[in-house]
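Welcome! Please have a look at it first, and then read on.

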Amino acid sequence: MLSDIWRGMVALADWRGWLRIAAGRPEVDVVFITNLRDEADRRRFFGRKAPVLGHANGPRMHLDGVAGRVRGIYVTAAEMMTREGRREARDRFIAASTKRLFGRDGRALKEMFPNLVFTIGDNGTSSLLIRDVRAALSRADLAPGRARVMVICPYGILGRMITRRLVGDGFEVVGYGANPAALAETASDFGIATTTDLDRVGRVDAVVACTHNDASKLTTRGISMLRRPGRRLLVVDVAEPANLDQAVYERQTAVVVRQDAGNGHAPGLRYVLGALSWRKLTLSRGVIFGCFAEAMTLHHAIHRQGRTDLAARDWFIIDDANLAEVETLMTGIGFEPPAPRCFGRPVESFRLAIKEADELPSSASPTRPVSVS
């Protein structure tokens, strides 16, 4: 009921949308089609009643003449990991443009709607993640040659991008995940240690989490195994829902510095109903997910700057050329990484050294670092 009231208030309060309709323009330029993070996110977005169509409108936002709107599917991230969940999502909303529903090339989706531009948004997210990670390591005084970083799921789209950058920057990197074949390929491609066994990782200074897969989530025990004695563990978390979930984090705040990653901030971004809307996404003023930022940026470049060449480009391809193009365009419209935040709240300090009195009891014994075979 409250969610329906909020949706009605958003529609009424969107004066920019009403002006667009009066001027004969489309009410919306960009639609962000997304599943929900988890059950809490589903309740926050839909309340206690499933939408009749299986999907419904969410927050609306505007930036430099571009109107965006979220369309949420009544399916959680965990459900999307199953074949049945993906089938249900397709049945509920055939235009859902996610790589899990329509494959990584999105061919079926593009054939159904040839006049639309589709993106999975991972070039924009990758760009923001890379800058987030580099900035976080610098703030924590973790320099190449002196710091060891674990990447969770280094074989995914985001994981491969950040692994390659970290190796190129000179950091010692170890990859951890649940897919042994993909880990072996990653080890060969980047010359890094990889393992499916957290007991074999050894101590690290920082973790970059690129998946919410339950098999690879950080736990209290995992944090105790990974962090160096007398040091907090830096965790840069781009996963949605979070890899290091809020309940575990709240129990480990004394020994963990955690930062949300992969989001974009633009001073001119305006949410309809302000905080009542951005808090639906557990974000903050002027902040939007990196994939959404990319979509708004591409529309702005194609339709407001006349870059029609970009409409024919395949934005399901995540590579250096597309990433560089999107990064330049995002900067031009005002998107940059936001100030560091953790679950929407400011990160107060990146100081990793801690006093002995602040140490939590550790049940983990020292572990032997893995090596590339």
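Asp64 is found in the loop between strands β2 and β3, the latter covering residues 66-76; helices (H or I, at least four residues) and strands (E, at least two) are DSSP runs, numbered from the N terminus. This is a predicted model, in which local features need pLDDT of at least 70 and side-chain atom pairs count only at pLDDT 80 or more, while totals for chains, interfaces and linings use all residues. Residues are numbered from 1 along each chain as its sequence is written, and side-chain values use heavy atoms, with hydrogens and water left out.

**Asp64 and other backbone features**

- Although Asp64 is not a glycine, its phi is positive, at about 50°.
- Asp64 has 44% relative accessibility, so it counts as partly exposed; buried means under 20% relative accessible area, exposed over 50%, and partly exposed in between (1.4 Å probe, protein chains only).
- Phe343 is not a glycine either, and has a positive phi of about 50°.
- The loop that holds Phe343 runs between β13 (341-342) and β14 (345-346).
- A cis peptide bond, with omega near 0°, leads from Glu240 to Pro241.
- Pro241 sits in the loop between β8 (233-237) and α12 (246-251).

**Asn57 in strand β2**

- Strand β2 covers residues 55-63, and Asn57 has its place there.
- Asn57 counts as partly exposed because its relative accessibility is 21%.
- Which residues does Asn57 contact, leaving aside its neighbours within four places in sequence? They are Trp6, Arg7, Phe45, Arg69, Val70 and Arg71, where contact means heavy atoms within 4.5 Å.
- Asp4 is 53 residues from Asn57 along the chain, and their C-alpha atoms are separated by 9.9 Å.

**Helix α8**

- Helix α8 (residues 122-139) has 18 residues and should span 26 Å at 1.5 Å a residue, which agrees with the 25 Å between its end C-alpha atoms; the expected span is 1.5 Å times one less than the number of residues in the helix.
- Because 13 of its 18 residues are buried, α8 is largely enclosed by the rest of the structure.
- After α8 comes Asp141, with a positive phi near 60°.

- From first C-alpha to last, the 15 residues of α14 reach 20 Å, close to the 21 Å expected at 1.5 Å a residue.
- The rest of the structure largely encloses α14 too, since 12 of its 15 residues are buried.
- Among the buried residues of α14 are Gly290, Phe292 and Ile302.
- Gly306 follows α14 and has a positive phi, near 75°.
- Helix α14 (residues 290-304) packs against helix α15 (residues 320-333) at an angle of about 80°, with the axes 9 Å apart; axes are lines fitted to C-alpha atoms, for helices over the stretch in contact, and angles run from 0 to 180 degrees between N-to-C directions.
- The two helices, α14 and α15, are therefore roughly perpendicular to each other, a term that covers angles from 65 to 115 degrees.
- On the α14 side, the residues that meet α15 include Ala293, Met296 and Leu298, and on the α15 side they include Val326, Leu329 and Ile333.

**The whole chain**

- In total, the protein chain has 15 helices and 14 strands.
- Of its 373 residues, 53% count as buried.
- Among contacts in the protein chain with a separation of 6 or more, 71% are between residues 24 or more positions apart.

Notes
Angles under 35 degrees count as roughly parallel, over 145 as roughly antiparallel, 65 to 115 as roughly perpendicular and the rest as oblique.
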